[in-house]
Amino acid sequence: MRQCEICKHNLVDPVGRSNDIAIIFEDFTAETYGGQKIPEQFGYYLLRTEMGKLGVDIYQARVTSMWLHAPIKNFDDAQWNFQQAILEAMGTRFVLLLGSGATKFFLGKTATAISGIPMKSDLLGAEYVVGTLNPNSALAGCNGEVILGIQQFAKLVRERRNK
Ligand SMILES: [Zn+2]
């Protein structure tokens, strides 16, 4: 198992393989979500369902997190973790950010402020960066805004992917 280079915690590995789509949760660690692995979490299920309706297969996306272990208050550790997310998204054309922890870092805005709107990030080379709320969060999980945000992203992928 891979470990954090700073604090030596075991890491949750990203899932999925992709050349062009990256999905970055603000946090999806098993410690935070009752020991559930990523594909068992509600947010992943919601993504799979909503993207699937629009013909985009979640397995064609690399799914990762800002934090690969439970978040801790340590600047160097945060930097190392966030750097891993940037590396995972490197070379992708479409990036979906889930939760304000991710949208604030990559876009400087809260998830609510920019939900579903395609943007650019100085930290990511992607052509399209869309943010929305974290579907794993109890407050956002059954919220129409999060579903619309995911759908906007999936539409963008479907329409622009082969262009
Ligand atoms: Zn660490």
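1. In this predicted model, Leu 97 stands opposite Gly 131 of β4. The strands concerned are β3, residues 94-98, and β4, which pair in the parallel sense over five bridges.

2. That pairing belongs to an open sheet of four strands, whose order is β2-β1-β3-β4 and whose pairing is parallel. Because β2 (62-65) and β4 (128-132) each have a single partner strand, they stand at the edges, and one side of each is left without a neighbour in the sheet. From one strand to the next, the twist averages 20°.

3. Helix α3, residues 100-107, lies across β1 (21-25), β3 and β4, and runs at about 145° to β4. Helix α5, residues 144-160, likewise lies across β1, β3 and β4, running at about 165° to β4.

4. Helix α5 also packs with helix α1 (residues 42-53), at an angle of about 50° and with the axes 9 Å apart. The crossing in which α1 passes α5 is right-handed.

5. On the α1 side, this contact is made by Leu 46, Leu 47, Glu 50 and Met 51, and on the α5 side by Ile 147, Ile 150, Gln 151 and Ala 154. Sorted by class, the residues of the contact between α1 and α5 comprise six nonpolar, one polar and one charged.

How values were computed:
Residues numbered from 1 in each chain as written. Predicted model: local features only at pLDDT ≥ 70, side-chain atom pairs only at ≥ 80, totals over all residues. Pairing = 2+ DSSP bridges. Helix = DSSP H or I, 4+ residues; strand = E, 2+ residues; numbered from the N terminus. Axes fitted to C-alpha atoms, helices over the stretch in contact; angles between N-to-C directions. Contact = placed C-beta atoms within 7 Å. Left-handed = near helix turned anticlockwise from the far one by under 90°. Nonpolar A, V, L, I, M, F, W, Y, C, P; charged D, E, K, R; others polar.
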